[in-house]
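Please examine the model shown below.

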Amino acid sequence: CDGLSQEAARRMKEIITAGLLFVAAPIEAITTDKPTYGPSEHIQCLAMNMYHEARDQGTAGRLAVSAVVLNRVNDDRFPDSVCEVVLQAQMKPSWRDGTPTPIRNKCQFSWYCDGKSDEVKDEKTYQKILDFARLIMHNDIQFVDITDGATHYHADYVKPDWAKTKTRTTEIGDHIFYRWEKK
């Protein structure tokens, strides 16, 4: 998991450095095996996930996608922070320089390793989503988990094998949500 955490930090720093995210505070230098994310990075990770997973949906769809991230943070089967959850992926050495790189289509959230650009193209929508992520992360709004504890979701036009092993909780927008029951 340490390699994943380092890669997650490297990837987010790469996204931020490329100007795809706007940071109010500089990224902290990584001095341990596990990266330390500041509050602004967690907000940006949540916003990027909402942007790429639910930007065309309304508030309920964006809130539901965020609920899954936060439910995972609070579940001991997943990483302990928003950025680590959003950037969780199976990794392999890059063919260019050997650094760990997400394996295509082996991420928890498909946008992170689908081979497409993660660049924000709709700045106006992204800014609204970023403001919404700030409200969620700073507890400025009463957060109600409208997914009933969901830890997984998928688009309504796919039928992943893993769905058979989870409890379906709701459908919001074009996503179907599931809870991973603890035994």
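**Questions on the predicted model**

Q: How many helices and strands are there in the protein chain?
A: The model is a predicted one. From the N terminus on, its elements run α-α-α-α-β-β-α-β-β-β. The protein chain therefore holds, by DSSP runs, five helices and five strands.

Q: What percentage of the residues of the protein chain count as buried?
A: A residue counts as buried when its relative accessible area is under 20%. The accessible surface of the protein chain comes to about 10,100 Å², with 49% of it belonging to carbon and sulfur atoms. Of the 183 residues, the share that counts as buried is 48%.

Q: Among contacts between residues at least 6 apart in sequence, what percentage join residues at least 24 apart?
A: A contact here requires heavy atoms within 4.5 Å. Among contacts in the protein chain between residues at least 6 apart in sequence, the share that joins residues at least 24 apart is 59%.

Q: Which strands are the edge strands of the open sheet of three strands?
A: The sheet has the order β3-β5-β4, with antiparallel pairing. Each edge strand pairs on one side only. The edge strands are β3 (152-155) and β4 (167-172).

Q: By how many degrees are neighbouring strands of the β3-β5-β4 sheet turned against each other on average?
A: The three strands form an open sheet with antiparallel pairing.

Q: Which residue in β5 stands opposite E171?
A: Strand β5 comprises residues 175-179 and runs antiparallel to β4. Five bridges join these two strands. The residue in β5 that stands opposite E171 is I176.

Q: Which residue in β2 is the bridge partner of P93?
A: Strands β1 and β2 run antiparallel and are joined by four bridges. Within this pairing, M91 stands opposite P102. The bridge partner of P93 in β2 is P100.

Q: Which residue takes a positive phi in the hairpin of β1 and β2?
A: The hairpin has six residues between the strands. A positive phi near 85 degrees is taken there by G98.

Q: Is N105 buried or exposed?
A: N105 lies in strand β2. Its phi is near 65 degrees, a positive value in a residue other than glycine. The relative accessible area of N105 is 55%, and the cut-off for exposed is over 50%, so N105 is exposed.

Q: Where is the place of D148?
A: D148 is not a glycine, although it has a positive phi of about 60 degrees. Its place is in the loop between α5 (123-137) and β3.

Q: Which residues lie nearest the centre of the largest pocket?
A: This pocket has a volume of about 1,000 Å³. At least two residues of its lining are supplied by each of α2 (39-54), β1 (89-93), β2 (100-107) and β3. Of the 36 lining residues, those nearest the centre are E53, F109, S110, W111 and Y153.

Methods
Residues numbered from 1 in each chain as written. Predicted model: local features only at pLDDT ≥ 70, side-chain atom pairs only at ≥ 80, totals over all residues. Heavy atoms only, no water. Pairing = 2+ DSSP bridges. Buried < 20%, exposed > 50% of the residue type's maximum accessible area, 1.4 Å probe, protein only. Areas by Shrake-Rupley, 256 points an atom, 1.4 Å probe, with all protein chains shown as cover. 1 Å grid on protein atoms, 1.4 Å probe; cavity = no way out; pocket = protein on both sides within 12 Å on 5 of 7 lines; lining within 4 Å. Points joined across faces, edges and corners; volume = space filled by probe spheres on them.
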